[in-house]
Structures are given as structure tokens and as C-alpha cells.
Amino acid sequence: MTAGPPSGTEVRRDGLHRVAPGRDALIGSRGGRRPGRGGEVVPPAEFRSYYGRAVIKPPVWKAHNIAGYLFLGGAAGGATLLAAGADLTGRPDMRRAARLVSAGATGLSLAVLIADLGKPERFVHMLRVVKPTSPMSIGTWLLSGLSPLVAVAALDEVSGLLPRRWADLVGRLARPSRLAATAIAPAVTTYTGALIANTAVPAWHGAYRELPYLFGASALAAAGGLVAAASPTSEAAPARIAGIAGSVAAQLLDRAVHRRLGMLAEPLTKGRSGRLLRASRWCAGAGIALLTASAVRRSRTLGVAGGLALAAESALTKFGYFHAGTASAADPKYTVVPQREHAPATPA
Amino acid sequence: MTDNLLEGREDPARDSGYPQPPPRMGFFTDTSVCIGCKACEVACKEWNLIPDDGLSLLGMSYDNTGMLGADTWRHVAFIEQDRPLGRQNNAVALMPVGPSSAARNAQVVAAGLGDQHGARLGSETGATRLGPSPDGGPAQPVTADGRTELRWLMASDVCKHCTHAACLDVCPTGSLFRTEFGTVVVQEDICNGCGYCVPACPYGVIDQRKDDGRVWKCTLCYDRLSVGQEPACSKACPTDSIQFGPVDELRERAAHRVEQLHDAGVVEARLYGADPDDGVGGTGAFFLLLDEPEVYGFPPDPVVTTRDLPAMWRHAVIAAVGVAATALAAFAGARR
């Protein structure tokens, strides 16, 4: 090797200059060892990694914000649907309860989402583009569309408290906004499944076929539970049915995810997410039993307890899946082992 | 516009709407000639004015950087292995305990540190006089002449500038964009800190800066490229382990280099990210590795998550219809 220039090759528009001398050094070519003998005595472990470090970055989202939103957004969408149904079938008390739940949950959803950005004024950047490749962009537009509509619906319920002019305006807007909100609401309950599945997080991406259904079902459980808890027993039958149906479907879909994921389901059964999901199963059972009992005995107390149990089931499911995703991203095993199964063949 | 934007072989710049883009630019990182000097890390930090990422001793060989992040756009990995490099017998003679990756070495270091072992970290432990191996013998494994074998893998990691970049696809603000050079860059005045790109990246490259919430990553020195200069890291690399140029040309050169190394007896040499048919459509920054990718902290077979996005949307729409139908059925089934 000659004494070369201090730096490496220069790449300029007119080509290479001062090509570094060691550029094509034939490492390992000296000496007489036969190729391919190998020196590893210890057999390779089940999987290899760089000092046990994570390959991908776990989500930086705060659980109480984003898992909280997965729950609140679902409850908001589901309650909007129940409000429309209650309106059409002449259940004024249930309608009021559902509209207030939907407006409250939508408002809280926006609050936690904006809080997670760190600086609230940055939220407006979300509205620069409409991007179908980003479920978060589509979701932002869905939620931005839903919030004024459910706000008008909720104001219509409390129009007695508004000044006359405002009450008239809200009254005129109530019907069109109710229709528009009902059209948007179902998508709000399920797109969150696509949102978290559309990442490299092994446990989330692996379950992309089931997550939208699971989150939609869980949203119905939450909305049905909350509306059933907030409505008189005589009117709440549809909320109870929707809540119980959603809860049963969510538990079945949870089992389906476990089967699909195989080894990747480990984070769903271990640690914090395992505890959360086990608790959600208990809440589902308790909620279904209590709501059924409340219907039979016409008991408001049982209805409130059962409804809240179903809402808790939904929240626990969403937090459980959130933490399982984070855990699966933080351990290189869940990235390396499944990819290794279909990785290109290794030379040597 | 084509209908396979989310996968397949594409020219990313032309696909993003540049009518006459310059050739796609990228890096070929030939780890076989990397000497672990970290000049790339330093040059990157200096040119891009990246804040410090803490002075920490990680106990991972000479790597105290750890991994790529918001404040680390180049990261040099160090891997010590008990195996020879090609035909070379670079055994460690006269070393009492063998390379630092050997279990024996850990025992001897632990004995030297005494009771303090594990209680204090890094430089706090001060100088330690290592005694001979506990049982007096040399470390295993040994060659016929009683010496241990050792090779040292060093690799400078960087953003891969994927053909199909998940971070860019999922960004809800349009802050991440494709440059005319086919690279992927964050516009810091647009990023709003939503954090979606962080778990979307299959390589764990892009990361959030904790104090401002926005995300940062390698720009392939977009500012330097725009005026015909090469990126700071490749400019600083003294061995040309990091080579910069048009991706087509780099791929040709890399294929030739692998052949050359195979002929030299380094049969484990392989390219990583150079195949345009892989899960991300090939990367703009690709590597020549001397072991499996996961040993360097790379995913063995990364796939851009948005490949499955059409199916996800389909499921989300069907599920939404199902939710609406269930609600409808609940009202139909409820008797007053």
C-alpha cells in the first residue's frame, strides 16, 4: 500500500478522483486455510441478533393516548350508530344517551390524539394531504368529519340550554348531520385495525386480516355497554344486544388472532398484555351475564354494571393489543425468526 | 402512474412524478473493508449538525452508539466472532483469554473486577489488571497450534432509502417525500410528530427526537447532492467501505466484488438489499455482509408493510359493513 491521500475517493460530477488504494483489498486471501472450513464450535442459537437489540423501533406512542384512542374512537363510532337507530325506532332516552356518549368519546379522541403530537398546533399539518396509503391520514379525515356532526347532534339534545337563534340553527342542521355521521361512523370503528396493522410491528402486522374485525366488534361492545349503562332498561334492548354481540365476536376473533399468529402470539399471552387480555375475557363474561340478567329482571343497576363491564372489556382488549405490539417490536426474536423462515438461502 | 406503487420493480423518482429525474443515487457499503474508524458517524454529525446522543458505554465491543436513531444517522456495528476470515489465519497468539466475545474472557474480566462486577458500568470501573485464565489454559476454541481464532465484523449502518419506503407511505402529513435522486427525506417544518413512521420502518431507522417530538433520519445529504457533492459519510470514509454513486452502477460493482471475495475464499460474502425483487423493492443503500443480516442487526427478509395495505383496507371496509349490519340487526331483534 502506497502512502495515499488522507481521504477516500472523491466522487465528482466528472467522475472519480484519487481512488482510495485499499478499495478492493482482498481481505482474508492470505494464508493457506482451506475455504469453508469454518471455526464455529458453538452451534448457532435458535436465532441470532446484534447483542440482543431490537431490529425495528417500537412505537413511540404513549399507551394512554393511542391505546386510549383505539378504545374511545371505537366507542364514538359505535355510539353514533346506536344513536341513529334509537332515533329511527323512537327511543328518545337511549338516543340522548347515545348522542352524548358519541360526542363525548369523539371529543376525547381528538384530545388524546392531539396531545400525543406534543405540540397541538402541529395538528393542522394532518390536513395538508389526503393519503390513502396512510390509514392515519384517512382516519384523521374521518374523525375530523365526524366530530362537528356528532357535536351538532349532541347540541340538539341539549338545545333547551342554548340561546334561541343557536337552537334553531342546530335544529335545522340536526337531520343532515345525523345522516352524514351515520355514514362515517362504521369506518371509524374499524380503520384503527388497519392503522396499527400497517406497521412493521410483528404482532400487529401478522394479524392484519383479523384486526379490523376485532376492533369493530370491540367498538360495538364498548358502545353497546356505555349506551346500555346510560339508558333506561326499557329502551336499552338494542344497545344490550349490540354490546353482547360485539363482545362475543371480539372474543372469538381474539382466539382467531392467536391461532393465526402462532409463535408471534406469545406477546399476547405473556406479561402485561397477557394480564390485560385475560382480564378482558373476565369482563366479557361478567358483562354478558349482567346485561342478560338486567334484561330479565328489568334492573337498572345490573344494566349499569353490565354495560360498564363490556366497556372495560373493550378498553382492556385495546390496551392489551397495544402493549403486545410494543413487546413484539422490542424483542428481536419476533422480527428475526418469522423472517428467517422465508429469508433467502444463506451462502457458506 | 402504475398500479403497483406499493410493490414490485419501480424507478422511485419517476414514479413519484419527476418527469426527467437524474439517476437514482445511493450507497454501497462494503463491510469487508470497514475498519470501524467511525469517521462516517462523525462526518455525518458534523455536516448535519446533529445533537449528541449521550456519552454512554454500552459494553458492546467498541460500539457505544448502539443503533440508528433520531440523533444517529450512521452507526458502526462491531461484532467479534470465533471464526477465521477467509483463508486467513488471524489467530490471536499469546492472548491469555482469547477474544472478548469468548465466555472465558467474561469470566476473567469478572474475576478482575471482583465484587464490583456488574455494580458499576464502563469507565467507572477504572483500570483492571486481568489475571491469567482461571484454569491456566488458553481459551477455546483453539487451532492445532494452540491459538484462538478471531474475526471482527464492522459495518456502517444507514437509512436504506427503500424503493418502497414504508415511512413515506404511512406519513399522514406528506412531510416525508421522495427526492429527484430517489432518496427519502423528512421535511422538518412539516413533520408534526405523529410517530407513525417509527414502527412502520422495517429496519428500525427513523426515530423520534424526544425533546421536539419530530422524527429525523439520514437525508443522503440531500443538500450536498443538490450541488453535485457526495454525502459527508462516504466522503470521509478512508477505505471506501462506503461508496456513493448511481445505484445501477453500485449494484454492478457490488456483484463484481462478491465474486472477487468468493474467489479469495471468503465464501460467506453476500449482498443485502441489492435485489430489486425483495420485500422493499431493493434499497438505495445496500450492503456487502460477511454473515447473516440479523448478526448486524438487520432484518433477514424485510417487507414493506404497505404491500398488504390494499388487503387491510378491504378487510376494514368489510368489517365496517359488518358493524353497521350488526347494529341494524340489534335494533331489528330488539322488542319493545
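In what order do the four strands of the open sheet in chain B lie? The order is β8-β1-β10-β9, with mixed pairing. Strands here are DSSP E runs of at least two residues, helices are H or I runs of at least four, and both are numbered from the N terminus; two strands pair if DSSP finds at least two bridges between them.

This is a predicted model, in which local features need pLDDT of at least 70 and side-chain atom pairs count only at pLDDT 80 or more, while totals for chains, interfaces and linings use all residues. Residues are numbered from 1 along each chain as its sequence is written, and chains are lettered from A and ligands numbered from 1 in the order in which they are written.

Stop 1: Select β8 and β9 (270-272) of chain B, the edge strands, each of which pairs on one side only. To see a bridge pair, pick B:Leu271; its partner in β10(B) is B:Leu288.

**Stop 2: where the chains touch.** Show both chains: 86 residues of chain B are in contact with 93 residues of chain A (contact means C-beta atoms, placed from the backbone, within 7 Å). On the chain B side, α9(B) gives the most, with 17 residues. Other elements that give two or more residues include α4 (166-170), α7 (232-236) and β8 (242-246) of chain B.

**Stop 3: the core.** Select A:Val227 and B:Cys167, which touch the most other members of the 192 residues in the largest nonpolar core. Such a core is a set of buried Ala, Val, Leu, Ile, Met, Phe, Trp, Tyr and Cys residues joined through C-beta atoms within 7 Å; a residue is buried if 20 or more other C-beta atoms lie within 10 Å of its own, exposed if 12 or fewer, and partly exposed in between. Helix α6 (residues 211-230) of chain A gives the most to this core, with 15 residues. Leaving aside residues up to four places away in sequence, B:Cys167 touches B:Leu176, B:Val184, B:Cys197, B:Ala200, B:Cys201 and B:Ile206.

**Stop 4: chain A as a whole.** Chain A has 11 helices and two strands. Its radius of gyration, taken over C-alpha atoms, is 27 Å, well over the 20 Å that the globule rule gives for 348 residues, so chain A is more spread out than a compact globule (the rule is 2.2 Å times the number of residues to the power 0.38). The C-alpha trace of chain A spans about 90 × 50 × 25 Å along its principal axes. Buried residues make up 53% of the 348 residues in chain A.

Definitions and conventions: Two residues are in contact if their C-beta atoms, placed from the backbone, lie within 7 Å.
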